[in-house]
Amino acid sequence: MSSTSSSDLVCRLDSASGLIDALSSVRWKRNQDALVELSEHGIVLIVEESGCLQAKLYLKREVFASYEYQAEGRPRFAVSLGLLIDCLNLFTVPGLSRAVEIRYPGPDMQLLLESVESSSSDSCIFAEIRTKIPDTISWDYNFQPAGSTPISFTVKSAALKEAVDDLEWPGSSVQITLQPNPPCVSFRAEGHGDLQIDFMYYANTDLLMAFHCDQQIFYRYKYKFLRATTSNIPSSVTKDKRGSKLTFGMGGLLKVQHLVSVTRSSTQPPHVDASGYQLPSRIAYIEFFVKPEADEDPMNDA
Amino acid sequence: MFFILTSQSHSPPPQPQDLSLLLMRVHFGSGTSLIDDLFVDRGHDLKSLEYLVGMRCVLFRAPLISLIHNDLDPQDADTWRSMRISKRPSSAHFCRTSERRMKFKASLTNHGIQILEKRFLQALDKIGKTWHIYLTPDHFIFLHNLLSFDGIQSVAQFAKQALFSDYRIASQTGNRIAFTLDLPLFYSALRGSASVCAAGRANGVHVRLAKKQTNSNGPNMPFLTFETQGGNSTVIHDVPISSPLSPGDIMELQSALENAQEIPATLVQVPNLAKMQNFVERHKNIGDILKVSVTQYGDLLIEVATTLAVAGAAYCNLGVLGVHVDAPAESQAMKVRARMELALERGEALSAELKLKHFAKSLQCCLSEPDSAFLGIAPQAGCLTVIFQFFIPGTHQTDKSISLHCRLPVLET
């Protein structure tokens, strides 16, 4: 893998663990294909389901230890997300964890993974993953904020995940209500029983970190889609006490944003600045778009 | 003190002083290989018998033993070879001659308990539940799947001194006994005995074959009995076993064992067994067929190939046992995968496909804490062999009293 002349992309990660975390975050089913788009700015990976749920993972070029891009245009291919994660897992065996080089395309348009070894090393881990030509164009959600001020709130990722997990009990759909006075976010599910979880802005500023809402809104979402946005949040996100931002767009389109660290190597300390915050260059951005249920009250968009 | 000695022939009965000679032979002879069967008449005071010869003869502590002298001249050493030692047969034993004279009794050492409980039984339990136990005059052997090669075969062999301080066996099949048992039950019984020993209340664990009635009217059933004698109590664990194998089946088992011990021409050392195990486990989600390739240069390639992906690892400069050649100069700078293809073309490598789960199972043997492992492909035998090596503690010398290996069937391609 020394020559880069025939490849659109050759990039290198110090450790595959962080990338596995990020990819796992957008995996909610066993068999899912992901659309991968390469560019000089980085890699975007898109996963979607039945036109109602879409996840995007942004891996900026700064995420990688090295990033050599020489394609014209933006190559796109589809790959099995589960298989990609399983193959990356080979590079994270305790005691064997090592840097991984990602290359596209291989001789047969495969996505190639190979461990980066020192010249004296006597072993090498490899994976060649067959890619597919994407048969559908991913849906552009064209997310636009409802009203002049984006209606959004930021909540601790761990608290959001816990709330959504708890809402599994009633099942069915979940109504999210935001009201400005007093500022409050409510999750309510009715099914086998009723359960309502309220985040009061002034009462829980450590949980509800930001709140922007100038009018009451409420939308209903399918529980399984809402759960997909939080089900595989990696433990590093909750451990780092990160927040997740939920923004409501036109028609109740919900955007959920997470930040996942991709520098999780035992040998490499995370890049931190003087104030102790991790530099954003090693952060993967994850966005979920969830469509509301169809029987929406048109009053919401008034 | 009075002994009644009977003779199958019309020879004169041996004199009392001959008993000293007889018992010294029992005690100092090479165990069961010298004297096969000795019957002492029921009810005699055996402590006195020991006193007579001025020693403690462990064999004679059992209360019901009969002694029959069936040879002509007690002074002739050769004639003593036909004498046999066994408990007086109960009525149930008369149903089968081979079982009637079958005896096994041994004392597990603390080291033996430790080896079995903490290391080997954990590993063997992962490989399979049903095992043959094959007892020979010198070895205690666990055999899995040796008579039907439809899965992983495994052999764990212990020299008797590796596990036992006292080991006595007798049977009409060359002093060999074999039976099957459920390994989890064996493991459970040993753990129970070991816990009594660990509490410091036991004088040792005695293992023996026994026939017992499970209910008042039922037939006698065979058991492997673990007896742990404490200060005031005796803890007994009975592990049900199959009926002992017939002489013909034992011959077949012995033959299968000899076949299973054939070693491939080239064996390469498995790099870091525990990590390899973890690594192979991670392939399970990718595919279920593993391809293993071995060169005579010391290269090893393991990979899973499906229609969607090929993934694996390549290793070079590994230790080699058996046929070992240097890699051709032109391939020195090649990557292992490329060199492997060249070696296969040159006939200096072998490749085989097998079920990943079999390979993963064989690596579970690392629970037995081997010091190293080697693998090789035997094309004629249609198997991949994984051999685990154990060193004498504190040295780098192979402990020949313990051996463990697995044979994995390869798929026809």
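A:Glu128 forms a salt bridge with B:Arg337, with 3.0 Å between the closest N and O atoms. A salt bridge here is a side-chain nitrogen of Lys or Arg within 4 Å of a carboxyl oxygen of Asp or Glu. The count between chain A and chain B is two salt bridges; over all chains the structure holds 22.

This is a predicted model, in which local features need pLDDT of at least 70, side-chain atom pairs count only at pLDDT 80 or more, and totals for chains, interfaces and linings use all residues. Residues are numbered from 1 along each chain as its sequence is written, chains are lettered from A and ligands numbered from 1 in the order in which they are written, and side-chain values use heavy atoms, with hydrogens and water left out.

**Interface between chain A and chain B**

- On chain A, 21 residues are in contact with 23 residues of chain B (contact means heavy atoms within 4.5 Å).
- The two chains bury about 2000 Å² between them, and 58% of that lies on carbon and sulfur atoms. Buried area is the accessible area (1.4 Å probe) that two parts lose on being put together, summed over both.
- A:Leu90, A:Asp122 and A:Phe126 supply 31% of the area that chain A buries against chain B, more than any other three residues.
- There are 11 residue pairs in polar contact between chain A and chain B, both residues at pLDDT 80 or more. A polar contact is a pair of N or O atoms within 3.5 Å; within protein, one must be able to donate a hydrogen and the other to accept it, and residues adjacent in sequence count only if both atoms are side-chain atoms.
- Helix H2 (81-89) and strand E9 (123-129) of chain A each supply at least two residues of the side that touches chain B. Helices (H or I, at least four residues) and strands (E, at least two) are DSSP runs, numbered from the N terminus.
- E9(A) gives the largest share of that side, seven residues.
- The chain A side divides into 12 nonpolar, four polar and five charged residues. Ala, Val, Leu, Ile, Met, Phe, Trp, Tyr, Cys and Pro count as nonpolar, Asp, Glu, Lys and Arg as charged, and the others, Gly among them, as polar.

**Strand pairing**

- E9(A) pairs with strand E15 (residues 309-315) of chain B in the antiparallel sense, over seven bridges. Two strands pair if DSSP finds at least two bridges between them.
- A:Cys124 has B:Ala314 as its bridge partner in E15(B).
- Chain B has an open sheet of five strands in the order E7-E3-E9-E10-E11, with antiparallel pairing.
- Its edge strands are E7 (164-170) and E11 (234-240) of chain B, each pairing on one side only.
- Strand E3 (residues 103-108) and strand E9 (residues 205-213) of chain B pair over four bridges. B:Lys105 has B:Arg208 as its bridge partner in E9(B).

**Loops and backbone in chain A**

- A:Arg130 forms a salt bridge with A:Asp108, the closest N and O atoms being 3.2 Å apart.
- That pair links distant parts of the chain, 22 residues apart: A:Arg130 is in the loop between E9 and strand E10 (151-156), A:Asp108 in the loop between strand E7 (100-104) and strand E8 (111-115).
- A:Pro105 is also found in the loop between E7 and E8 of chain A. A cis peptide bond joins A:Tyr104 to A:Pro105, with omega about -5 degrees.
- The peptide bond from A:Asn181 to A:Pro182 is cis, with omega near -5 degrees.
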